[in-house]
Amino acid sequence: MPGLVLHYHPLSSYCWKATIAIDALGIELRKQLLDLADPAQRDAYFALWPIGKMPLLMDEGRVIPESSIIIEHLQRHHAPHGRQLIPDDSDAALEVRLWDRFFDQYVMTPMQAHTADVLKPEAGRDPDGVARARNLIERSYAILQRHLEGRTWIAGDTFSMADCSAAPALFYANTYVPPAAEHTHLLAYIERLMDHPAVAATIDQSREWFKFYPGRAGLSRRYYIPEEA
Ligand SMILES: N[C@@H](CCC(=O)N[C@@H](CS)C(=O)NCC(=O)O)C(=O)O
C-alpha cells in the first residue's frame with residue numbers, strides 16, 4: 001500500500017499517542033482502521049508486524065512500528081519546517097524521551113493491565129495483579145504531582161512527544177484510578193492536555209467508540225453518557 005498510512009484503532013491509547021503527534025506536527029496521512037478481531041485483517045497485520053501491536057506506520061511500503069519510533073520518524077521525514085515534538089538539543093531530547101518512557105511503562109502499561117482484567121471471564125480475574133497495577137499508577141501520580149509543580153508541559157517549555165504519551169495514558173488511567181484531589185498540579189496538567197487542540201481532536205474522533213471501551217464506567221460524562229438500560 002503506497003504512501004503514508006497509519007494502521008490504528010480509535011480506542012487504542014498508543015494509537016492516540018500517534019494521532020495526537022500527527023496532528024501536532026501538521027502531517028497529512030491516511031488512517032486505516034484496524035480490527036484485530038477480524039481474522040483476515042489480523043493475519044494480514046501480523047504478516048506486516050508479527051508482534052501484532054498497533055499503531056503501525058507504513059511509509060512507501062516501509063514498516064515502522066512502535067509509537068515513539070513512529071513519531072520520531074514522522075518528525076524527521078515528514079514534519080513541516082518548525083514543527084517539532086522532540087527538540088534538537090540532545091539533553092532536552094533525552095528529557096522528552098525519559099518522560100515518554102515514564103508514561104508508557106508506568107502509567108500506560110498498568111492502565112492496560114486493568115483493561116485486560118476487565119476483559120477476562122470472572123473466574124480468570126487477577127485481583128493481586130490489578131492491585132499491583134493500581135499501586136504503580138498511584139506512585140506515578142505522586143511523582144507527576146511533584147514534577148509538575150511550576151510547569152506547563154511535562155518536559156521543557158513546549159508541548160512534546162512526552163505530552164503525546166501523557167494524554168492517552170492519563171485519560172485512560174483516570175477511568176480506573178482517578179488522581180486524588182490533593183494532586184492539584186497533576187489534575188491541572190490533565191485539564192491542559194485535554195484542552196490541547198491535537199488531544200481534543202483525537203478524543204472527538206473516538207467519542208462514538210467509547211460505548212465499546214471496557215472501562216467506560218469510569219469515563220467522565222464530559223466524554224461519554226451511558227445509554228439508559
Ligand atoms: N510499545 C507499543 C505498544 C502498543 C500497544 O500496546 N498497542 C495495543 C493497543 S493500545 C495493542 O495493539 N493491543 C492489541 C493486542 O495486544 O492484541 C507502542 O508503543 O506502540
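User: Hi! Where does Ser 165 lie?
Analyst: Ser 165 lies in helix α6; helices here are DSSP runs of H or I with at least four residues, and strands are runs of E with at least two, numbered from the N terminus. This is a predicted model, where local features need pLDDT of at least 70, side-chain atom pairs count only at pLDDT 80 or more, and totals for chains, interfaces and linings use all residues. Residues are numbered from 1 along each chain as its sequence is written.

User: Is Ser 165 buried or exposed?
Analyst: Ser 165 is buried, because 29 other C-beta atoms lie within 10 Å. Buried means 20 or more other C-beta atoms within 10 Å of a residue's own, exposed means 12 or fewer, and partly exposed is in between, with C-beta atoms placed from the backbone.

User: And what does Ser 165 touch?
Analyst: Leaving out residues up to four places away in sequence, Ser 165 touches Lys 17, Asp 100, Phe 103 and Asp 104. A contact means C-beta atoms, placed from the backbone, within 7 Å.

User: How far apart are Ser 165 and Lys 17?
Analyst: In sequence they are 148 residues apart, but in space 5.2 Å, C-alpha to C-alpha.

User: OK, helices now. How do α1 and α6 pack?
Analyst: Helix α1 (residues 13-25) and helix α6 (residues 161-176) pack at an angle of about 140°, their axes 8 Å apart. That makes α1 oblique to α6. Axes are lines fitted to C-alpha atoms, for helices over the stretch in contact, and angles run from 0 to 180 degrees between N-to-C directions. Under 35 degrees counts as roughly parallel, over 145 as roughly antiparallel, 65 to 115 as roughly perpendicular, and the rest as oblique.

User: Which residues of α1 make that contact?
Analyst: On the α1 side they are Ser 13, Trp 16, Lys 17, Ile 20, Ala 21 and Ala 24, and the α6 side includes Cys 164, Ser 165 and Tyr 172. By class, the contact of α1 with α6 has 10 nonpolar, 2 polar and 1 charged residues. Ala, Val, Leu, Ile, Met, Phe, Trp, Tyr, Cys and Pro count as nonpolar, Asp, Glu, Lys and Arg as charged, and the others, Gly among them, as polar.

User: What about α1 and α8?
Analyst: α1 packs with helix α8 (residues 197-206) at about 130°, with the axes 8 Å apart, and the two are therefore oblique to each other. Trp 16, Thr 19, Ile 20, Asp 23 and Ala 24 in α1 meet Ala 198, Val 199, Ala 201 and Thr 202 in α8.

Technical notes. Two residues are in contact if their C-beta atoms, placed from the backbone, lie within 7 Å.
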